[in-house]
Amino acid sequence: MRLVLQLVARLFIIVILCLGAATIWATIDAYRSVDRATSASAERVSVALEALYWRELLLRSSRMREQLVPAAEWRTIQTMSLISPGICVRIEPSGAFERPLCGQSKGIGQTPPRWFAAAVDTVLGGHAPVVRPISARAANAGSVSATADPQAAIALAWQHVLDNIHLALLMAVAIALLASLAIAHTLAPARQIVTALQQMARGEYRTPLPRLRSVELAMIGQAVGELGDRLALATEERAALTRRLLEIRSDERRALARELHDEFGQNLTAILAFANTIEAASAPEHGNNEVAQDARMISQATHRIMACLRDTLNRLRHPPAEELGLEACLVDLVDGWRSRNPAQPMIQLDLKGDLADVRGAVAAAAYRVAQECLTNSLRHSSAREIVLRIERRSGAENALLVHVEDDGGGNAAKVAASTGFGLTGIRERITALGGSLSIADATRGVRVAATIPLAA
């Protein structure tokens, strides 16, 4: 899962938890607000009735004190305005048929769901009544008792919760959206770092990174840049070492070719001469047919050894592509295979682009790749057709592509895992020149593709 999505998901969980906490707090606050409204209603009504009590006391002093505040005079619209919605107020002592005076409870909130009413009643309980004396100086003046209507209180609490939740939900969505954008913007440079690492995996080690504002990402970018520089330096050193090893190997191959030519060539020539002399001296007229036949067999074996030696010397010496050019040498290579092996599969040579000025190490590496792949296809597969394609690509790519494909079956994985000297040698040559080699399955065989930079 992407890091941005993980952070956004965690932020969403945090917002949900905060929203739940806000819901609980809004419910508790709504419960407390009903208690506050009950207390305030009792206080306001007691103050109003206290004024009414002292007025009746001064104007009608002949009455009994318990009759100074008659029910008819305190049940007025002015008193109703002092009572909060959902609160009922009763004066004590009350008359026989006197009912509580309740504030308006219709329309103060939506009907709450049953689970909310049950949860509030279970967790928070009911609302205790609030009693206030009408006059603190006259204990017998009576008292005001205010009680919250349970249904109205639950509806008011639910409406309070809805109001708070709507606001909290809107803020949560806004915070989540803005925080997600901020997180995505902050982590945007991580994509550039990943792209740089992918380019490094393809061999582009010195990939510049833009300046990163975040300290942590800047440290990561700096570490990636330093790693790329070290990899590039190590690759250059390894390429230089590989080129030096190839030069030493080439010198040794030339020395070995000279030794084989001078020693084996001369000795084989002498053996052939002696065999011819023995065959001539053992002619049928001299009666030595068996000796002549043995001498002839020695001559034939010597010719085969000399042919094998010539082929070995051709492989040991530097390919003529370094001096004569790649195109002419490839044509000569294919013609040589065709002439020596007329029963072998058809070899198709496809040359694309201008190869006239491709010489030196690049030409030698391309020639070796073609030579080794043709040899492997002809000797180790039952191919009926081999395609050798050489293409020069100009422009930004500026590379030479060598493509060899046969239809002789084979397993590309086994070929790629081979530790033979032939494939190892061409891998080393291509790596030293900064190129790449790939071995993959073809439609009916194996495909070998090499890319050699012309700037090498």
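Predicted model: local features only at pLDDT ≥ 70, side-chain atom pairs only at ≥ 80, totals over all residues.

Colleague: Which other backbone nitrogen does the side chain of D407 reach?

Modeller: That of E385, at 3.0 Å.

Colleague: Where is D407 in the fold?

Modeller: In the loop that runs between β7 (399–406) and α11 (412–416).

Colleague: Is D407 buried or exposed, and what is the nearest side chain of opposite charge?

Modeller: D407 is buried. A salt bridge needs the two charged groups within 4 Å.

Colleague: What does D407 touch?

Modeller: Leaving out residues up to four places away in sequence, D407 touches A383, R384, E385, R444 and G445.

Colleague: New topic. At what angle do α4 and α5 pack?

Modeller: About 105°, with the axes of α4 (residues 114–123) and α5 (residues 150–201) 11 Å apart. So α4 is roughly perpendicular to α5.

Colleague: Which residues make the contact?

Modeller: From α4, W115, F116, A117 and V120; from α5, I154, A157, W158 and V161.

Colleague: Last one, S84. Why does S84 count as buried?

Modeller: Because its relative accessibility is 13%, and the cut-off for buried is under 20%. S84 sits in the loop between α3 (77–81) and β1 (87–92).

Colleague: And what does S84 touch?

Modeller: A37, S41, R44 and G103, again not counting residues up to four places away in sequence.

Note on methods. Residues numbered from 1 in each chain as written. Heavy atoms only, no water. Helix = DSSP H or I, 4+ residues; strand = E, 2+ residues; numbered from the N terminus. Buried < 20%, exposed > 50% of the residue type's maximum accessible area, 1.4 Å probe, protein only. Lys, Arg positive; Asp, Glu negative; His and termini not counted. Polar contact = N/O pair within 3.5 Å; in protein donor to acceptor, adjacent residues only side chain to side chain. Contact = heavy atoms within 4.5 Å. Axes fitted to C-alpha atoms, helices over the stretch in contact; angles between N-to-C directions. Parallel < 35°, antiparallel > 145°, perpendicular 65-115°, else oblique.
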